[in-house]
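Trainee: Could you walk me through this structure before I start on my own notes?
Mentor: Gladly; have a look at it first, and then ask whatever comes to mind.

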Amino acid sequence: MDPFIISTLASIVANAAPIIYASIGETLTEKAGVINLSLDGTILLTAMASFAVAYNTGSVLLGFLCAALIGALIAGIVALASIELEQEQVAVGFVLTLLAADLSSFLGNPYVNLAGPYLQQQPFPLLNRLPIVGDIFFNHNLAIYGSFAVILAAWWWMAKTQPGLRMRGVGERPESAFARGVNVFGVRYAYTLLGGALVGIGGATYSLVVKLGWSHNHTTGNGWIALAIVIFGGWDPWKVAGGAYLFGALRALGSALQRNPAFVNVPTQIFATAPFALMILFLALTSSGLTDRFLELFSPGTQRRLERLIRGRGPAALGKPFQRD
Amino acid sequence: MRIALENIHKAFGPVRANDGISLTLEPGGIHGLLGENGAGKTTLMKILSGYQAKDAGEIRVDGHPVNFASPAEAIAAGIGMLHQDPLDFPPITALENFLLGFDNRLIPKRREARQQLLSLAQRFDFPLDPEAPVERMTVGERQQLEILRLLALGAEVLILDEPTTGISAPQKVQLFATLRRLAKAEGKSIVFVSHKLEEVEALCDEVTVLRLGQVTGHEKMPVPLETLVRLMFGQSLALPDKTAVPLGETLLAARGLTIPGYRLTVTGGDLEVRAGEVIGFAGMEGSGQSLYLRALAGLLRPKTGSIRLAGEELVNRSYREFMARGISLLPADRLAEGLVRGLSLAEHFPLRRSTPFFIDWEANAAYTREQIAFFNIKGTPETPVEALSGGNQQRLLLALQPPDLRVLILEHPTRGLDMESTRWVWEQLLKRRNSGAAILFTSADLDEILTYSDRVVVFFNGEMLPPLPTPEVTVESLGYLVGGKRPTPSEAHET
Amino acid sequence: MKPERKFWQSALFWNVAPILAALLFTTLLMLAVGAPPLRAFVEILQGAFESPQKWADVAMAWTPLALIGAGMSLTFAAGLWNIGAEGQMILGAICATWVARNVTLPQPVLLGLIVLAGLAGGALWGLLTGSLKVYARVHEIFAGLGLNFIATALIIWLIFNPWKPERGATMSGTVPFPEAAWVPRLGNTRLAPLSVVLALIAVLAAYFLLKGTRFGLELRAMGKNLRAAFLQGIPTQRHTLVAFAICGALAGLAGALQATAVYHRLIPRISGGLGYTGMLVVILANYRPELIPAVAIFFAAIGVGSPRLELNLQLDASLGGVIEGTVVLFVLLGAGLRKRLGGARPPSTSEGS
């Protein structure tokens with residue numbers, strides 16, 4: 001295979017890692033029934049914080065830990081507001097996303113355009129010697145490998161374990177979960193915090209791996225994209241990951257096309273916005289009446305399977321507070 | 001296990017749902033808890049099963065006082081409740097529903113659980129597919145799964161809340177057989193909560209009757225029905241007068257409808273509704289009658305077929321055009337679909353009447369007060385609708401209907417309503433019928449269907465049976481038709 | 001219920017406490033990074049109010065917030081999140097710019113056309129979001145964001161290509177508009193009274209629309225229970241489109257006024273995050289149109305005063321945004337806390353009685 005293609009694919013895999021962390025984290029949160037709209041701001045703030053911490057202490061690990069903590073903290077505010085105070089999750093999440101973004105600009109000012117530590121490359125022993133696959137997936141660093149692990153872990157946890165089953169129950173029908181002795185609020189807090197921590201790790205992966213350093217609005221809208229990818233992937237870890245890689249591929253395609261002489265007259269902005277616009281278009285298409293009519297061509301059983309593949313259903317109790325009485 | 005409830009109190013705001021109830025359940029046997037809707041039966045059992053907290057009083061199990069903070073604690077003590085709408089998880093498979101909350105290890109032993117579920121199912125003769133998602137099962141099947149789950153968790157006391165609502169006659173026969181077996185052969189205690197006298201009479205060994213939050217009596221069966229009636233209502237019943245009314249011309253004609261739904265496609269036969277006619281639609285939940293009626297109301301678009309109102313073809317028009325021509329639907333879920341939670345009574349009226357662009361709030365308030373008086377709604381114009389009781393919400397929904405409706409379609413018009421409200425609702429409906437409207441309604445209560453309908457339409461598995469004139473149908477035969485079977489003469493008398 | 005309410009249950013306490021808490025939080029934050037809190041607050045206030053020229057700036061910053069807030073009070077009433085206000089502002093500004101550059105007519109007529117162009121451009125962009133929601137079931141948050149991206153791309157392309165100045169394209173935008181297209185200012189100040197008046201009209205109109213008309217009641221019903229609203233016969237799809245169109249139009253007008261009354265040309269950052277700030281205004285005003293004017297002053301003041309932080313204290317101007325966001329957050333949390341502590345319903349935690 002052409003080495004250029006291999007290196008492009010490898011860079012897609014690497015660049016998608018932050019979005020993988022963020023969208024898988026949000027998938028877990030939403031599967032438990034909570035919407036954390038603060039993703040974009042959280043990624044900005046954690047990217048800045050992890051870089052600042054790593055710069056000041058020299059320790060990339062501390063940077064990642066700090067990012068996870070901050071991510072969990074912000075998500076915790078959403079959970080608190082929603083569970084204890086019964087405020088609308090979307091409103092609180094929106095305010096937090098703006099606030100976190102502004103905080104990242106304000107606190108990050110001294111760190112703009114500085115060169116700092118970053119995560120070293122660590123080829124994965126054995127696996128990186130596989131032809132083609134080895135170069136694409138296993139010649140990166142710990143954070144990227146972590147993103148693979150997170151996809152697998154999320155799937156396994158939800159599909160194969162009891163705690164994961166309980167979490168799904170909480171997201172679908174909290175009254176029934178409560179009747180089975182599940183601590184509904186505890187579960188929601190747990191997965192919101194966990195999801196937030198993963199978002200934080202995603203932010204750290206930006207400033208310490210993918211796009212080193214810090215600048216204002218460093219991660220441009222990637223939080224919103226992660227939210228869209230959760231829906232695009234039907235709240236299923238494998239499909240969500242697929243969406244993240246697809247998005248990365250679209251972006252890489254955009255940059256490649258931009259350099260191509262045939263497209264030199266097309267404004268750069270189109271390439272920047274196209275992937276996002278395409279994802280929205282795809283979401284629009286799959287939920288529209290056209291797809292309804294397409295699905296009707298099949299038998300009911302196949303229809304159901306196709307529908308789950310293309311559309312996916314959100315957890316029934318998503319965004320709704322649970323009241324016991 | 002001997003259970004004693006002593007002086008239980010529970011109030012929801014000003015409503016005293018349980019007002020000092022004391023009750024003893026002896027081990028073994030089937031104990032009936034009888035009372036009309038709103039008497040407090042479900043609240044009491046929710047307290048016993050740990051789903052709700054009591055305000056005051058004590059619960060003793062075998063003499064020891066207990067305080068359940070959640071249903072999980074109650075089932076650990078051996079008390080399990082089957083709710084009227086079983087508390088399961090619709091998109092999840094039967095096996096996973098069974099597993100959830102069961103086994104608290106990290107990785108469940110799926111194969112063993114599967115075996116356990118299947119062998120339990122076989123023991124009670126329940127047909128269960130462990131891999132089927134629960135949302136594709138009928139209510140009766142979901143109940144069966146839940147009963148098995150509670151038994152597997154070690155329930156010694158099984159509480160069933162209105163279990164016969166919405167299941168077919170064959171399923172009811174099987175349920176009663178199961179309950180008898182659990183009580184007699186396996187020594188469990190069964191609490192059968194119901195508002196249906198005949199069923200309590202047929203099944204229970206003893207009965208406690210509740211009325212308005214208090215115990216009015218405790219009897220060992222058998223006991224004459226009139227005694228139970230007196231304990232339940234404090235007076236004898238008087239049903240509204242359903243005198244025959246000459247039917248007018250055909251108002252609504254539906255032909256060849258096919259309506260695609262999430263679980264099944266409904267194929268409707270032909271139906272002609274005449275002015276002044278009352279038609280009852282019977283069927284288990286999910287059999288298609290709701291889809292059909294919603295298509296008639298213009299809420300769902302049929303794939304094929306025609307709907308003509310007074311000769312005019314309506315089938316591909318919008319919902320608002322159906323409404324404009326005098327077809328109105330009252331949904332079953334009053335707060336989720338019928339009324340707007342958060343708006344007051346007064347704020348609902350401008351939505352239905354023809355109001356000018358600028359609302360005259362003064363005039364509206366006056367009109368609202370008139371309607372409140374006329375329809376006897378317990379509330380003020382400023383009361384938010386979610387604060388109204390079910391009966392008053394239904395009164396408001398009826399008050400919102402325009403006076404000159406031609407076809408009034410109601411889903412479960414008296415569900416959850418006490419006797420007085422039920423009577424009032426039917427009084428209103430019959431009044432409309434007398435002035436030439438047609439009434440189409442579904443109900444899970446076969447008695448209600450037979451009492452008020454001129455004709456009965458049965459749905460099973462998406463198929464509509466040809467309408468039957470009411471005199472040709474009995475409750476028993478209807479119970480079988482709803483389950484998809486034609487009853488043999490002996491089966492028709494078994495319950 | 002207790003017959004008399006203690007101080008900590010009064011409305012005054014609950015309205016003021018979150019603001020004080022927010023100020024405390026930001027003070028601690030500034031101390032943590034070694035910035036002087038008191039001086040920072042003073043700089044902002046001075047930057048906003050130290051001279052009549054500055055008051056004029058605050059009024060001009062208030063205008064787009066009030067316009068957008070008025071529009072959003074309608075969309076929020078219907079339960080819709082119009083995150084696309086940024087894009088709608090941009091489109092309004094673009095349309096107004098086209099009129100300013102290409103149409104020569106007497107000033108009153110020209111200004112009228114500019115206003116119409118702003119309304120139309122914004123309405124169109126709002127309708128796009130609404131259509132995506134109604135016909136394709138795309139959530140308005142994503143549709144709005146996507147369209148924001150596209151609008152940003154569009155304006156940058158316009159400024160750097162067909163509308164670029166002869167000397168070369170820069171981030172300062174297009175050449176200034178012909179003076180006829182400038183919204184007249186009051187004397188030597190930067191205040192353009194027409195803008196302020198239009199914004200006030202918008203707020204009043206939104207208020208009366210919501211409180212006193214059938215349309216407003218129907219929007220409110222949609223926001224509280226969309227399904228029931230539909231069943232009661234409300235044309236929910238049509239109303240959704242209309243709400244987005246009106247909100248978009250007002251945002252578009254805000255953009256048009258930014259271009260013709262404030263900057264007198266089209267710049268890439270014509271919307272300047274005001275679409276998002278507008279949402280904060282409405283959230284802080286508890287979605288009530290009558291409170292929007294006062295709340296918008298607060299945000300406008302901070303917006304005008306913050307740049308001085310960079311000049312005089314070397315602090316990033318985003319501190320202003322931090323203050324705004326913190327205030328809204330604490331007010332939201334405070335409202336929830338108040339309900340929880342003083343409400344009739346017991347707190348619904350899973351543990352306990």
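Mentor: Let me begin with one residue, Thr326(C), which counts as buried because 23 other C-beta atoms lie within 10 Å. Please keep in mind throughout that this is a predicted model.

Trainee: Where is Thr326(C) placed in chain C?
Mentor: Thr326(C) sits in helix α14 of chain C, the helix that runs over residues 318-342.

Trainee: And which residues is Thr326(C) in contact with, leaving aside its neighbours within four places in sequence?
Mentor: From chain C there are Ala22(C), Phe25(C) and Thr26(C), and from chain A there is Leu99(A). As for Phe25(C), it is 301 residues away from Thr326(C) along the chain, and yet the C-alpha atoms of the two are separated by 7.9 Å.

Trainee: Staying in chain C, at what angle do helix α2 and helix α3 pack?
Mentor: Helix α2 (residues 37-49) and helix α3 (residues 52-77) of chain C pack at an angle of about 90°, and their axes are 6 Å apart. An angle from 65 to 115 degrees counts as roughly perpendicular, and therefore α2(C) is described as roughly perpendicular to α3(C).

Trainee: Which residues meet there?
Mentor: On the side of α2(C) they are Gly47(C), Ala48(C) and Phe49(C), while α3(C) brings Lys54(C), Trp55(C) and Val58(C). Sorted by class, this contact of α2(C) with α3(C) has four nonpolar residues, one polar and one charged.

Trainee: New topic: how many residues does the contact between chain C and chain B take from each?
Mentor: It takes 20 residues from chain C and 22 residues from chain B. On the side of chain C, the elements that give two or more residues are α8 (214-224) and α9 (226-231), and the largest share, six residues, comes from α8(C). By class, that side of chain C has eight nonpolar, seven polar and five charged residues.

Trainee: What about chain B by itself, how many helices and strands does it have?
Mentor: The secondary structure of chain B comes to 17 helices and 22 strands, and buried residues make up 46% of its 495 residues. Its C-alpha trace spans about 65 × 50 × 45 Å along the principal axes. The radius of gyration of chain B is 24 Å, which agrees with the value near 23 Å that a compact globule of 495 residues would have.

Trainee: How is chain B divided into domains?
Mentor: Domain 1 covers 3-233, whereas domain 2 is made of 250-326 + 402-493. Taken over C-alpha atoms, the centres of domain 1 and domain 2 of chain B are separated by 31 Å. In the contact between them, 16 residues of domain 1 of chain B touch 15 residues of domain 2 of chain B. On the domain 1 side, α5 (139-152) and α6 (169-184) of chain B each supply at least two residues, with α6(B) giving the largest share, four residues.

Trainee: One last thing, about Trp235(A): why does it count as buried?
Mentor: Trp235(A) counts as buried because it has 22 C-beta neighbours inside 10 Å, and 20 or more is the cut-off for that label. Trp235(A) lies in the loop between α10 (222-232) and α11 (237-259) of chain A, and it has a positive phi of about 60° although it is not a glycine.

How values were computed
Residues numbered from 1 in each chain as written. Chains lettered and ligands numbered in written order. Predicted model: local features only at pLDDT ≥ 70, side-chain atom pairs only at ≥ 80, totals over all residues. Buried ≥ 20, exposed ≤ 12 C-beta atoms within 10 Å, placed from the backbone. Contact = placed C-beta atoms within 7 Å. Axes fitted to C-alpha atoms, helices over the stretch in contact; angles between N-to-C directions. Parallel < 35°, antiparallel > 145°, perpendicular 65-115°, else oblique. Nonpolar A, V, L, I, M, F, W, Y, C, P; charged D, E, K, R; others polar. Rg over C-alpha atoms; globule rule 2.2 N^0.38 Å. Domains from an automatic or database assignment.
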